[in-house]
Amino acid sequence: MYDPISVSIVPFGKADFASLVADLNLGRHVWAQDRIKNKPQLEYLSEYLESLGTGTVITEKKYTDRDLLSDHWAFTAEPSFGRHSDCARLHFFKDKLPGGDSSKDTPAVVWEQLRALCGKEGAYLGYVVVLLSSDKIIGKTCLCPRGECPTLATCSVNLLGHPLSVESLGFREQDGVTSACATCALWTVFQSTSKSFGHAALSPGEITARALNILQMGGDLPVSEGLKITDMQRVIRSVSAIRSFVHSNGGALKENEHLEKRLKNAASSNHEEIKDQIKQNNLRCINSTLGFMLPILDSGVPVLVVTKRKVQGTGKERIHAVAVVGYEYDDAASEAARNGDPCEPVTKASKVDILIAHDDNVGPFVRYKVDREQGVIYLLDPDFQKRNRVNLDITAVIGIVHKSAKNYPYGQFVRFVQYYHLFHKTLIDAGQGTHKNYNPVWSTRIWKSNEYKQKLLSSLEEGLAFDHIIRLIKKNLPEYVIVVSAGDCIYKHDSVFSLAGPWTTDAFIDTVPLNADTARFFCTCVRTYEKECSEPQIYIDELGPVLDHILENY
């Protein structure tokens, strides 16, 4: 039953949201009130909730958070931090209660209104857990995303006996005690991988303990002061169901540092040339990073991004980690991505326009603009960006996959796409192509084999009975495969590779559609192109085993 002492129901107001949250902390830390009201995360959340069309906020004033309950006793900080495990939880709905503020109605009337609100399909927008122990107050947050995210899962909650659910992915703010930014990013990723790969989700305290190589939580643990990439990998290795691969931009970043030093000492006439070199380096970093990320994101798993961010008021840079959970792409970017070269394949990664990330410095589902003209990735919200200056300068990316994947040779897949694209262009130029306007958008995705075969079976039901589909369905595939596809029509131009071994002939499973003649022609085209290329960017020695395997099997 509705209890006005433990539950409050008020209309949502963007201007009042920070005060609503800060007032929940009243009586615990009065000194933190102003700091809470001025938190950039609350500023972002108020704008985000307004964009979702929030109408009503229902506050559970006494709520126990599982992660905090398991973690708070394991850490000791200053006495003022306390050891409180009490929280509050704010629920958000699109519609407003008919009577507005529930304080004017009797509990029985509000109960009926609440039941109607909870029973309305699509009205629930999610929740935010508010921690009451310090000014680091944003606990587990599950809100509806803006746009599409491939990494979402169903988050189920119970509000006064009413079951509710929202498609989301957990976000939380670092508290500087049990968690730092990398801990929060790992926690978000584990929310997804625990459901995808069947392992137990780790709490922030458990992540920190494993990062510090502490085998058993108990007593007082050191406060988390931030994790290095090696610490993050140690945590991932401790989960037996998964493994990680790292993509680093370190070489390009060092080259940029050298160029920036040259820029300071160079004559003004050379400034534009050096700036252009820096921009091109940044652009290559962006394209290679996105190409590494998308196959993992499309498989439903977020990726960890390590970036450098300036500390306000000091001018110094520090390492910061976020979890990228989705993306948006722009169809108009196809020709720009091709750079005017018809032989250059357009990939899905080259069309990505927006990255969506859980960034604990800002909030959940933060939209970052990929600006290829300037070679930067920046926060899309212009007002927030102007006040807080948040960019995403990517240093490294950590991708998490199933434990059966022994290798993730992203570079080889890129080369395969380039060769296969050139092969089809050669066929068309020779009058043998099946498509006069062959201009596909290439994509690469990690698939669970059973799910991929289900997709193949559904294509047979739709009448697409190609020989290669039947051939793939009959094959005994490894648990996870990576599929390189050409065009929107999946299955017609799929090339399937195993992730269960090194990049050898065993990695190649099938390439379609190929028969004996086209297979030989394909291999001949690739080797001819490599010999005639004056400045080869693709190295045949790494793709050679695959070409040999194609010739042997066709």
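User: What makes Lys 120 and Asp 95 a salt bridge?

Analyst: This is a predicted model, so the values are computed. The closest N and O atoms of Lys 120 and Asp 95 are 2.7 Å apart. The cut-off is within 4 Å, so the pair counts as a salt bridge. The two residues sit in distant parts of the chain, 25 residues apart. Lys 120 is in the loop between helix H5 and strand S4, and Asp 95 is in the loop between strand S3 and H5.

User: Why is Lys 120 called partly exposed?

Analyst: Lys 120 has a relative accessibility of 47%.

User: Why is Asp 298 called buried?

Analyst: Its relative accessibility is 13%. Buried means under 20%, so Asp 298 qualifies. Asp 298 forms a salt bridge with Lys 348, with the closest N and O atoms 3.3 Å apart. Asp 298 belongs to helix H10, whereas Lys 348 is in the loop between strands S11 and S12.

User: How do you know that Lys 14 and Glu 50 tie together separate parts?

Analyst: Lys 14 lies in the loop between strand S1 and helix H1, and Glu 50 lies in helix H3, so the pair joins parts 36 residues apart in sequence. Their side chains meet in a salt bridge at 3.6 Å, N to O. Lys 14 is partly exposed at 36%, and Glu 50 is partly exposed at 44%.

User: How many salt bridges does the rule give?

Analyst: The count comes to eight.

Technical notes. Residues are numbered from 1 along each chain as its sequence is written. This is a predicted model: local features need pLDDT of at least 70, side-chain atom pairs count only at pLDDT 80 or more; totals for chains, interfaces and linings use all residues. Side-chain values use heavy atoms; hydrogens and water are left out. Helices (H or I, at least four residues) and strands (E, at least two) are DSSP runs, numbered from the N terminus. Buried means under 20% relative accessible area, exposed over 50%, partly exposed in between (1.4 Å probe, protein chains only).
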